[in-house]
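Please read it with the model open.

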Amino acid sequence: MKKTLLSVLIGIAANLSFAQTATDFTVNDCAGSSHHLFAELDAGTVIVLTWVMPCSQCIPVAATAAATSKKYSTSYPDRVKFYLVDDPTGGYVCSTLTSWATNQAGITPNATFSDATISVKNYGGLPNGYMQKTIVLGGGSHAVYYNVNGLFHLDG
């Protein structure tokens with residue numbers, strides 16, 4: 001996963017003929033700050049989004065995405081951001097998601113969202129029973145350079 005993110009984050013990823021385009025949103029994060037996705041991408045920011053359900057099985061995917069994003073944000077300050085997003089239903093309140101990220105997952109996202117407007121369905125959804133998805137978005141074309149479902153299945 002790190003190798004793939006590396007390729008994407010440093011701009012090596014090629015434009016694929018089946019490349020997907022991000023879906024725009026303007027929503028407030030859990031701290032009350034407004035985020036307009038396309039404006040952030042147009043400003044040259046790479047956005048890594050990970051959808052989770054705040055549970056122990058979601059920690060490895062979220063922690064890896066956060067750590068990899070942080071590594072590249074050190075080399076490219078203010079150009080790589082990690083956003084943590086509530087599960088596809090947007091059913092967890094911000095305090096639960098933020099507390100889980102800090103106290104259980106040990107991550108500090110650039111922004112945390114509990115808003116169903118940021119829909120996992122726009123990126124292929126999740127196979128029945130699966131949780132976690134990470135996508136990497138970038139460029140003025142609003143391209144999706146990486147789109148993978150997590151490995152955790154709700155049925156064990």
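Predicted model: local features only at pLDDT ≥ 70, side-chain atom pairs only at ≥ 80, totals over all residues.

**Notes on the model**

1. Strand E4 (residues 46-52) and strand E7 (residues 133-138) pair in the antiparallel sense over 5 bridges, where strands (E, at least two residues) and helices (H or I, at least four) are DSSP runs numbered from the N terminus, and two strands pair if DSSP finds at least two bridges between them. Within this pairing, Trp51 stands opposite Lys133 in E7.

2. Residues are numbered from 1 along each chain as its sequence is written, and side-chain values use heavy atoms, with hydrogens and water left out.

3. How many residues of strand E4 are buried? The count is 7 of the 7, so the strand is largely enclosed by the rest of the structure; buried means under 20% relative accessible area, exposed over 50%, and partly exposed in between, with a 1.4 Å probe and protein chains only. In a regular strand the side chains alternate between the two faces of the sheet. In E4, Val46, Val48, Thr50 and Val52 point one way, Ile47, Leu49 and Trp51 point the other way, and all are buried.

4. E4 also pairs with strand E5 (residues 80-86), here in the parallel sense and over 7 bridges, and Ile47 stands opposite Lys81 in E5. The chain crosses from E4 through H3 to E5, and this β-α-β crossover is right-handed, which is to say that, with the strands pointing away from the viewer, the path from the first strand over the helix to the second runs clockwise.

5. The connecting helix H3 (residues 59-75) has 17 residues and reaches 25 Å from its first C-alpha to its last, close to the 24 Å expected at 1.5 Å a residue, the expected span being 1.5 Å times one less than the number of residues. Its buried residues are Ile59, Val61, Ala62, Ala65, Ala66, Thr68, Ser69 and Tyr72.

6. Lys81 in strand E5 is partly exposed, with a relative accessible area of 24%. Not counting residues up to four places away in sequence, Lys81 touches Glu40, Thr45, Val46, Ile47, Val48 and Asn110, a contact meaning heavy atoms within 4.5 Å.

7. For aromatic pairs, rings of Phe, Tyr and Trp (its six-membered ring) must have centres within 6.5 Å, with planes under 30 degrees apart counted as stacked, over 60 as edge-to-face and the rest as tilted. By this rule the count comes to 3 aromatic pairs. The rings of Phe25 and Phe113 have their centres 6.3 Å apart and their planes at 70°, so the pair is edge-to-face. Both Phe25 and Phe113 are buried. Tyr83 and Phe113 form an edge-to-face pair, 5.3 Å centre to centre with 65° between the planes; since Tyr83 lies in strand E5 and Phe113 in strand E6, the pair ties together parts that are 30 residues apart in sequence.

8. On confidence, the protein averages a pLDDT (the predictor's confidence in each residue, from 0 to 100) of 84, and 82% of the residues score at least 70. Over residues 6-18 the pLDDT is below 50, and this stretch has 17 contacts in the model beyond near neighbours in sequence.
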